[in-house]
Amino acid sequence: MMIHWPGVSKMKSHDPQVRELRKESWKVLEENQVNGRIKHVGVSNYTLYHLEDLMSYCSIKPAVLQNEFHPRYQESDILQFCQENDIMFMGYSPLGQGDLLSDRTIIGIAGKHNVSPSNVLVQWSLQKGIICIPRTSKPERVIENLDYSSFMLDNDDLEQIAQLNDGHKFCWDPHRVV
């Protein structure tokens, strides 16, 4: 079970009560895990601030953090925090909602390895130790997204992809939530 958003529906994101309600929600998840109703608990769209706050009061730390993650939005501070605290990191929108499939750098790396741009993006996430969840409704793209293990990105590829990090988000931004 996962808390999908650090905010509260129909409340202003800067309302101080948001933090208290988030804490109450987490405590309910913990209680249900202890009682065996839930196997694992996690969070999604949490910033480093939200994670540090959660760790200050939780008795069960989250098993997973699910956040937007792709070459244009690489949160190394969150990744490091998750690694240091044994929290699995799951990245959604690894293809940048399809935008990164036409990026020159990604296309160049794909050509070098004779794979598709989506293969490069999935492999990049996996080589960074990230659980990757690309989204598609087309069966042929599901198969393509699974065909990532025939190659490894080298240090030059990884460096080129690192340079794409410009902080661009394709999805909602939780940084405004108190």
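Predicted model: local features only at pLDDT ≥ 70, side-chain atom pairs only at ≥ 80, totals over all residues.
Let's start inside. The largest nonpolar core has 33 residues. Trp26, Val43, Leu51, Leu65, Phe89 and Val120 have the most contacts inside it. Which elements give two or more residues to this core? Helices H1 (17-34), H2 (48-57), H3 (76-84), H4 (104-113) and H5 (117-127) do. H3 gives the most, with four residues. As background, nonpolar side chains in soluble globular proteins tend to be buried together.

Look at tryptophan 26 for a moment. Set aside its neighbours within four places in sequence. Tryptophan 26 then touches Ile3, Val41, Gly42, Val43, Leu54, Tyr57, Cys58, Ile60, Lys61 and Pro62.

Now the charges. The model has nine salt bridges.

First, arginine 19 and glutamate 20 meet at 3.1 Å, N to O. Arginine 19 is partly exposed, at 22%. Glutamate 20 is also partly exposed, at 37%. This pair belongs to a network of salt bridges that links Arg19, Glu20, Arg22 and Asp53.

Next, aspartate 166 and arginine 72, at 2.8 Å, N to O. This pair links distant parts of the chain, 94 residues apart. Aspartate 166 lies in the segment after helix H7 (155-162), and arginine 72 in the loop between strand E3 (64-68) and H3. Aspartate 166 is partly exposed, at 47% relative accessibility.

Then lysine 112 and aspartate 157, again 2.8 Å, N to O. Lysine 112 sits in helix H4 and aspartate 157 in helix H7, 45 residues apart. Lysine 112 is partly exposed, at 47%. Aspartate 157 is buried, at 0%.

Last, the surface. Which residues form a nonpolar patch there? Met88, Ile131 and Ile133 do, with about 230 Å² of accessible area together. Isoleucine 133 is in strand E5 (residues 131-133). Its relative accessible area is 30%, which counts as partly exposed.

Technical notes
Residues numbered from 1 in each chain as written. Heavy atoms only, no water. Core = buried A, V, L, I, M, F, W, Y, C linked by side-chain atoms within 4.5 Å. Buried < 20%, exposed > 50% of the residue type's maximum accessible area, 1.4 Å probe, protein only. Contact = heavy atoms within 4.5 Å. Patch = residues over 30% accessible without salt bridge, like charges linked within 9 Å, V, L, I, M, F, W, Y side chains within 5 Å. Areas by Shrake-Rupley, 256 points an atom, 1.4 Å probe, with all protein chains shown as cover. Salt bridge = Lys/Arg side-chain N within 4 Å of Asp/Glu carboxyl O.
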